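The following note sets out points for a colleague reviewing this model.

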There are 2 protein chains.
Amino acid sequence: MIAFPLRRATNIHWQALKIDKAARALLNDQKPCILWFTGLSGAGKSTFADLVEQRLHELGRRTILLDGDNVRHGLNRDLGFSEEDRVENIRRVAEVAKLMVEAGLIVLVSFISPFRSERRMARDLVDADEFVEIYVDTPIEICERRDPKGLYKLARSGKLPNLTGLGSSYEPPEFPEIVIDGGLKAPEVLAEQILRFLEEKIGLEKVSTGET
Amino acid sequence: MIAFPLRRATNIHWQALKIDKAARALLNDQKPCILWFTGLSGAGKSTFADLVEQRLHELGRRTILLDGDNVRHGLNRDLGFSEEDRVENIRRVAEVAKLMVEAGLIVLVSFISPFRSERRMARDLVDADEFVEIYVDTPIEICERRDPKGLYKLARSGKLPNLTGLGSSYEPPEFPEIVIDGGLKAPEVLAEQILRFLEEKIGLEKVSTGET
């Protein structure tokens with residue numbers, strides 16, 4: 001007897017399993033994680049996050065960068081800068097970062113995130129090896145000299161009472177995975193330091209990137 | 001004269017451009033978009049979304065599925081079911097979906113999303129060709145017979161006054177990209193219909209999938 005297999009839609013093979021984080025990570029050939037940049041305004045967080053993302057992208061990594069620009073103007077546009085709203089701001093960012101880790105991505109988060117408790121909450125949302133806290137430890141004098149958004153000037157003139165580092169406190173990380181002195185060297189050199197750490201931590205070199 | 005190029009960190013080449021949606025889409029070799037499943041409770045939205053994601057994953061597509069389970073218990077866990085909270089629920093999901101489109105992903109969203117205005121808001125957040133509204137149009141009698149979460153039974157007994165379709169209205173899409181009758185055929189057959197539409201709409205077959 002000869003079988004005549006029908007090729008109909010009803011015969012299509014469907015996987016039994018839902019697609020989960022492990023499946024997406026395997027497809028992306030990378031370890032999903034959160035790179036959490038914390039530090040004062042003007043410390044260089046976004047500059048470093050940008051540079052690190054560019055370098056990861058060159059290596060074929062799937063990334064996304066969450067910062068004030070794309071979160072405060074969208075998802076968190078209903079939030080202000082009261083302490084309650086700042087906590088909610090970070091809570092939502094952390095939850096979105098967690099969803100993006102489930103999507104198999106390397107998620108770069110660049111927020112001042114001044115309070116230890118918020119950063120701990122973010123860390124506790126994902127697995128222990130999925131959270132890399134990067135403390136951009138730039139002296140406030142240098143941050144104020146740069147003042148890229150004019151916030152320190154506003155604060156000194158009394159128009160911005162809650163600026164982190166002046167009117168509002170910044171709690172430095174106690175056990176960050178990485179500390180970089182954002183005032184010391186060229187951003188490219190410091191970004192490369194972060195990359196070297198990540199090479200060891202998340203094995204950038206261990207996966208095939210399609211590069212020679 | 002012989003040049004002796006220095007191989008130092010300061011000589012590393014950095015791209016001039018930030019990584020954006022186009023760069024991430026190119027790396028993923030796919031068109032990022034939102035597949036928005038709307039319909040009554042029990043219509044089959046999550047079943048279809050699951051099946052479509054499995055199939056896309058088999059084709060090498062980078063996907064994420066947002067549904068009540070991973071959003072209501074995390075990002076939106078502060079929200080209830082008042083009309084105001086339901087609107088905020090969908091607003092946040094839409095904003096997260098937009099961020100995930102920026103990440104280069106195909107985002108499957110499975111929410112009842114009963115109101116036209118909410119779905120329009122979600123659609124308007126992204127480019128016109130990035131939003132695919134999939135109306136899972138299952139007769140309420142069938143949804144109630146299935147009642148996978150026991151919600152219809154609760155509503156009939158008066159314990160759930162706001163269930164969509166009974167105590168609260170569902171506004172059917174006027175111009176959805178896809179309509180499927182979720183009560184008519186096997187879910188696998190209907191999911192395949194969606195896939196065929198997507199093949200034409202977002203060109204699943206046009207990109208290299210690594211399959212033969």
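1. In this predicted model, helix α2(B) is largely enclosed by the rest of the structure, because 11 of its 14 residues are buried. The buried residues of α2(B) are Lys45(B), Phe48(B), Ala49(B), Asp50(B), Leu51(B), Val52(B), Glu53(B), Gln54(B), Leu56(B), His57(B) and Glu58(B).

2. The geometry of α2(B) is close to expectation: from first C-alpha to last, the helix reaches 20 Å, against the 20 Å expected at 1.5 Å a residue. After the helix comes Gly60(B), with a positive phi near 85°.

3. The corresponding entries for chain A read as follows. Helix α2(A) covers residues 45-58, has 14 residues and reaches 20 Å between its first and last C-alpha atoms, close to the 20 Å expected. Since 11 of the 14 residues of α2(A) are buried, this helix is largely enclosed by the rest of the structure. Among the buried residues are Phe48(A), Leu51(A), Val52(A), Leu56(A) and His57(A). Just after α2(A), Gly60(A) takes a positive phi of about 85°.

4. How much area do chain B and chain A bury between them? The figure is about 4,300 Å², with 62% of it on carbon and sulfur atoms. The contact involves 45 residues of chain B and 46 residues of chain A.

5. The rule finds 8 salt bridges across the interface of chain B and chain A. In one salt bridge, Arg24(A) pairs with Glu53(B), and the closest N and O atoms are 3.0 Å apart.

6. Which elements of chain B give two or more residues to the side that touches chain A? They are α1 (21-28), α2 (45-58), β2 (63-67), α4 (83-102) and α8 (187-202). The most is given by α4(B), with 8 residues. By class, this side of chain B has 18 nonpolar, 10 polar and 17 charged residues.

7. Val136(B) is placed in strand β4 of chain B, residues 131-136. Its relative accessible area is 1%, so Val136(B) counts as buried, the cut-off being under 20%. Residues up to four places away in sequence aside, Val136(B) touches Phe37(B), Thr38(B), Gly39(B), Ala43(B), Gly44(B), Lys45(B), Phe48(B), Ile180(B) and Gly182(B). By contrast, the C-alpha atoms of Val136(B) and Lys18(B), 118 residues apart along the chain, are separated by 39 Å.

8. Apart from neighbours within four places in sequence, Asn89(A) is in contact with Arg72(A), Asn76(A), Leu79(A) and Phe111(A).

9. For the overall fold, chain A has 8 helices and 5 strands, running α-β-α-β-α-α-β-α-β-α-α-β-α from the N terminus. Of its 212 residues, 52% count as buried. Among contacts in chain A between residues at least 6 apart in sequence, 76% join residues at least 24 apart.

Technical notes. Residues are numbered from 1 along each chain as its sequence is written. Chains are lettered from A and ligands numbered from 1 in the order in which they are written. This is a predicted model: local features need pLDDT of at least 70, side-chain atom pairs count only at pLDDT 80 or more; totals for chains, interfaces and linings use all residues. Side-chain values use heavy atoms; hydrogens and water are left out. Contact means heavy atoms within 4.5 Å. Buried area is the accessible area (1.4 Å probe) that two parts lose on being put together, summed over both. A salt bridge is a side-chain nitrogen of Lys or Arg within 4 Å of a carboxyl oxygen of Asp or Glu. Helices (H or I, at least four residues) and strands (E, at least two) are DSSP runs, numbered from the N terminus. Ala, Val, Leu, Ile, Met, Phe, Trp, Tyr, Cys and Pro count as nonpolar, Asp, Glu, Lys and Arg as charged, and the others, Gly among them, as polar. The expected span of a helix is 1.5 Å times one less than its number of residues. Buried means under 20% relative accessible area, exposed over 50%, partly exposed in between (1.4 Å probe, protein chains only).
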